[in-house]
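Dear colleague,

Please find below the structure that I am handing over to you. My notes on it follow directly after.

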Amino acid sequence: MRTEIDGKTDQAIDSKKPLISIKNVSLSYGNFQALTDVSVDFYQGELVGLVGDNGAGKTTLIRIISGIIPPTYGEVYFDGERITKFHPKKAIDLGLECIQQTIGICDNLSVGRNYFLGREPIKRIFGLPFLDKKKIRETSAKVVHDFGLRDTVDVDDEIALLSGGEKQTFKIARAVTFRNRVIIMDEPTNHLSVRERAHVNELAVQLKRQGLLVIYITHDIFQIHRIADRIVILENGRKVTDVPRDAMNLENLEEIIRDGGRAPAKGVKSA
Amino acid sequence: MRQFIGSIVRRHPEGITISLVVLISLGFAVITQGSWLSVGNLQSISQLTAVLAVMAFGEAIVIATGEIDISVGSVSGIGALTFLGLAPIAGSGIALLAALACGILIGAMNGVFVALVGIPSLLVTLGSLFLFQGIGYAVTSGFSFAATNTVRQQFVYNAVGGGGFAEVNTGVIWALVILVVLQLVVFEAPVGNRILAVGGDAGSSFSRGVNVGRIKFGVFVVSGVLAAFAGVLDAAFIGYADGSFGATMELSAIAAAVLGGCHLAGGRISLIGTLFGAFILRGIQSFLIILGVQPQWYILVVGLIVVLASLADRTLTRLALKK
């Protein structure tokens with residue numbers, strides 16, 4: 001499935017079993033075909049850049065991976081096992097965390113309650129499950145502090161009081177502080193300042209070094225070319241390129257995205 | 001200063017309702033020269049408040065998820081009729097269980113249509129409102145069900161609103177017990193966190209692994225069973241029920257919740273506030289009766305209160321969330 005460029009393949013990665021394997025996945029919303037026959041493998045310990053124009057199908061693909069929508073056709077394997085039930089809970093239980101652009105935070109809940117939403121810590125009183133509020137407060141306060149949010153942020157306050165960038169930082173913090181195997185970042189640096197942006201990118205590389213699979217979705221090809229191990233390009237719901245970063249320079253990358261893979265850049269053979 | 005008010009409103013939405021209770025209590029007491037505040041009148045108000053509050057608690061939980069249940073009045077009617085219809089035949093214990101079962105079933109039906117089929121709750125429960133009111137009229141065919149003397153002697157009958165305990169109607173005790181339980185469930189338990197999350201942002205909750213459908217189904221069942229129980233509490237107190245029992249009660253229940261600081265858009269509720277909201281409505285009703293105003297005016301007052309409360313709610317929420 002992987003594209004060979006000038007005869008080069010990434011032996012180290014190819015010899016491993018993929019952690020997530022997407023096989024011939026298609027998805028349509030009514031008459032609109034969002035994804036067509038996409039197959040792609042993701043390996044542990046790599047940082048994959050998922051790029052493409054608006055409406056290329058990037059978000060749809062990660063929504064399938066994170067269990068929000070089931071594919072119309074095709075199969076998804078996690079750690080060799082076929083996924084039959086698509087639900088975010090299942091994905092989270094498998095250790096897959098997705099930082100999405102527009103969703104993931106309930107504005108009416110406190111910072112602490114948002115942090116633990118869906119996996120609330122409990123303490124039993126007379127055998128009944130109650131929220132462990134002390135743990136919620138202490139853990140989330142530590143995370144918020146470690147990720148450099150304002151000192152005035154009170155974790156008991158509604159998260160609506162945070163700014164857009166702070167909310168984004170919070171989502172990233174939440175994703176990386178739970179023990180996960182896969183972190184998907186959908187345009188993680190939107191709304192962020194230059195400094196915060198560098199921090200997020202650094203974090204993505206760090207997570208990869210810790211052995212996690214990081215799938216990084218972005219429009220910013222300069223950024224992704226700098227940090228990714230492999231770049232997958234989607235165009236109109238199809239995968240047009242899947243190559244190691246080293247096999248491609250920025251110019252190739254720009255050209256492919258611009259031309260939608262119809263005219264592959266010189267020296268690059270499309271999948 | 002604004003920040004201080006903001007944080008109070010954010011964390012204690014019932015504060016304003018409670019201040020209002022104190023204000024109108026004083027006002028009504030003065031205007032009626034003390035008779036509004038007499039022991040007898042307060043007993044009557046507290047019994048009426050208890051019934052309305054039990055129903056409004058269920059409503060508040062539904063509102064917490066961003067939905068609405070306008071069938072609670074009809075469901076309370078079904079609960080009351082089932083209870084009084086069966087009690088003389090099967091005893092009040094069995095009758096109570098049957099009434100609660102009816103509430104659960106109707107709630108589950110509403111829940112299935114909202115959570116699984118995806119029909120807006122306003123439409124689903126509007127249908128239930130008419131359907132069960134119709135059934136109420138049909139089974140009574142213009143007559144009423146009354147508790148027999150034997151039934152009135154039974155322990156269960158007295159324990160669910162028919163009798164009192166140290167001058168306090170048992171319905172009041174039930175309302176307080178239910179308040180404590182629900183308060184723990186909504187604000188201290190994981191499921192409560194998810195109920196509020198669903199009302200705040202259903203899509204985000206789903207992406208965090210919350211089973212949105214199950215939560216919505218659950219709140220309608222709770223609302224159904226509480227509405228039926230409210231019907232039982234009132235029927236046992238009055239001793240009879242006809243086909244119109246519980247009619248328009250849903251309006252008062254919604255008004256009590258809104259007045260108590262529940263946000264109709266979902267995600268933000270106060271159960272303690274709802275209790276006081278119910279008290280204000282019943283207090284006003286009693287005030288109008290003492291003044292000799294025709295009871296029909298009560299509905300007009302409820303309407304005005306809901307409009308004003310929504311307006312105040314919007315202003316205060318905006319103030320509270322100002323950065």
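Axes are lines fitted to C-alpha atoms, for helices over the stretch in contact, and angles run from 0 to 180 degrees between N-to-C directions. Helix 7 (residues 194-209) of chain A lies across strand 3, strand 9 and strand 10 of chain A, at about 155 degrees to strand 10 of chain A.

Please note that this is a predicted model, in which local features need pLDDT of at least 70 and side-chain atom pairs count only at pLDDT 80 or more, while totals for chains, interfaces and linings use all residues. Residues are numbered from 1 along each chain as its sequence is written, and chains are lettered from A and ligands numbered from 1 in the order in which they are written.

In chain A, six strands form an open sheet with mixed pairing, in the order 6-9-10-3-11-12; two strands pair if DSSP finds at least two bridges between them. At the edges are strand 6 (96-99) and strand 12 (238-244) of chain A, each pairing on one side only. On average, neighbouring strands of this sheet are turned by 15 degrees against each other, direction ignored. Within the sheet, strand 9 (residues 182-186) and strand 10 (residues 213-218) of chain A pair in the parallel sense over five bridges. Met185(A) has Tyr216(A), in strand 10 of chain A, as its bridge partner.

Turning to chain B, helix 5 (residues 92-117) and helix 8 (residues 155-162) of chain B pack at an angle of about 45 degrees, with their axes 7 Å apart. These two helices of chain B are therefore oblique to each other, since angles under 35 degrees count as roughly parallel, over 145 as roughly antiparallel, 65 to 115 as roughly perpendicular and the rest as oblique. Ser92(B), Gly93(B) and Leu96(B) of helix 5 of chain B meet Val156(B), Tyr157(B) and Val160(B) of helix 8 of chain B in this contact; residues are in contact if their C-beta atoms, placed from the backbone, lie within 7 Å.

Leu129(B) is placed in helix 6 (residues 121-140) of chain B. Leu129(B) counts as buried because it has 20 C-beta neighbours inside 10 Å, the cut-off for buried being 20 or more other C-beta atoms within 10 Å, for exposed 12 or fewer, with partly exposed in between.

Yours sincerely

Key:
Helix = DSSP H or I, 4+ residues; strand = E, 2+ residues; numbered from the N terminus. Contact = placed C-beta atoms within 7 Å.
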